[in-house]
Amino acid sequence: MALRHEVEPAGGKPAERRRVIRFRDGHVDEGPDFLAAEEPLEIRLAGEQVAVTMRTPGHDTELAVGFLIGEGIVKPEDMAGVAECRSDEGDGGVADVRLAPGATARAGWQRNFYATSSCGVCGKASIDAVRVATEPVADGPVVDLPTLQSLPDRLREAQRVFDRTGGLHAAGLFTPEGELVTLREDVGRHNAVDKVVGHHALAHDLPLDGRVLLVSGRASFELVQKALVAGIPFLAAVSAPSTLAVRLAEESNMTLVGFLRPGGCNVYAGRERLAGV
């Protein structure tokens, strides 16, 4: 895949300075504060609207590419280019993914998408429509428990925009040895994962077997699906998984860890990838 990227000035920063009034312990103070930016992004495929998601501006091409791949609408080799611009109303942006000659999107995807938000794609027609046809991940890699428990702190230390705003989710891709490979932040946890996947799709680096994905929120079905489509065998979250997320992980030979902390975690599927437990 050799994607051409065309960009018009889109504006938008990941954080904005605003004046706030602070009440602390009976004292009142007025001063500047940084807020995480949130703007709509319209994702198009060959000029046709696919979804609108509220996102933190930046890495919009990665987000659009990762979204289309993660939802099983197109494959990496189906895409030929991405054009970015501001929306006609001037509020938010547009990322239009173009198909390669002869490539087609998954049949029937239009019926399955009619509402999106920063909390993920909502309104799927049925659970069968959500299940993307893909093979289970291969065995391996194995991660030491102390290394796994160190990942939340490493992710947090790398969150530059969160340091300024305190209001962003993060997705970090790690090696089994705990080295941070890719970090993306966004107001939407699904968007952060899409940006990670899109980054590696644009770098011709899929599937991401041999990697560990850590997310700062809970592990939903959709996050497990996105990891599975990208070939990621190990998904960890700092919060809880859903029942459907655990079921999909079990069916897909994926390791799913929740409530990951420096002092412990819960393993819901794929215990064999953890050493020392």
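At what angle do helix α1 (residues 60–70) and helix α6 (residues 221–229) pack, and how far apart are their axes? Before the answer, a word on the model: it is predicted, so local features need pLDDT of at least 70 and side-chain atom pairs count only at pLDDT 80 or more, while totals for chains, interfaces and linings use all residues. Residues are numbered from 1 along each chain as its sequence is written, and side-chain values use heavy atoms, with hydrogens and water left out. Helices (H or I, at least four residues) and strands (E, at least two) are DSSP runs numbered from the N terminus.

Now to the helices. The angle between α1 and α6 is about 95°, and their axes lie 9 Å apart. Axes here are lines fitted to C-alpha atoms, for helices over the stretch in contact, with angles running from 0 to 180 degrees between N-to-C directions. The two helices are therefore roughly perpendicular, a term that covers 65 to 115 degrees, whereas angles under 35 count as roughly parallel, over 145 as roughly antiparallel and the rest as oblique. On the α1 side, F67, I69 and G70 meet Q225, K226 and V229 of α6; contact means heavy atoms within 4.5 Å. By class, this contact has three nonpolar, two polar and one charged residues. In this scheme Ala, Val, Leu, Ile, Met, Phe, Trp, Tyr, Cys and Pro count as nonpolar, Asp, Glu, Lys and Arg as charged, and the others, Gly among them, as polar.

Helix α1 has another neighbour to look at. Its axis and that of α5 come within 6 Å and cross at roughly 95°, which makes α1 roughly perpendicular to α5. From α1, the contact is made by T61, E62, L63, V65, G66, F67 and I69; from α5, it is made by N191, D194, K195, V197, G198, H199, A201 and L202. These residues divide into seven nonpolar, five polar and three charged.

Strand β13 (residues 212–215) runs parallel to β14, and four bridges join them; two strands pair if DSSP finds at least two bridges between them. L214 stands opposite A236 in β14. Together, β13, α6 and β14 make a right-handed β-α-β unit. Right-handed means that, with the strands pointing away from the viewer, the path from the first strand over the helix to the second runs clockwise.

Strand β14 (residues 234–237) sends F234 and A236 one way and L235 and A237 the other, and all are buried. Buried means under 20% relative accessible area, exposed over 50% and partly exposed in between, with a 1.4 Å probe and protein chains only. Moving on, β14 pairs with strand β15 (residues 255–261) in the parallel sense over three bridges, and L235 has L256 as its bridge partner in β15. With helix α7 (residues 243–251), β14 and β15 make a right-handed β-α-β unit. The buried residues of α7 are L244, A245, V246, L248 and A249. Just after α7, N253 takes a positive phi of about 60°.

Elsewhere in the chain, take a look at strand β4 (residues 39–45), where six of the seven residues are buried. Seven bridges join β4 to the antiparallel strand β5 (residues 48–55), with L45 opposite E48. Two residues lie between the strands of this hairpin, and A46 takes a positive phi near 55°. β4 also pairs with strand β7 (residues 93–99), this time in the parallel sense over five bridges, and E42 stands opposite V94 there.

Finally, a few backbone details deserve a visit. Most residues other than glycine have a negative phi, and most peptide bonds are trans. The loop between α5 (189–202) and β13 holds P207, and the peptide bond from L206 to P207 is cis, with omega near 5°. H204 is placed in the loop between α5 and β13 and has a positive phi of about 60° although it is not a glycine. H204 is exposed, with a relative accessible area of 52%. In strand β15 you will find F259, whose phi is positive and near 50°; F259 is partly exposed, at 34% relative accessible area. A cis peptide bond also joins G140 and P141, with omega about -5°, and P141 is found in the loop between α2 (127–130) and β10 (143–144).
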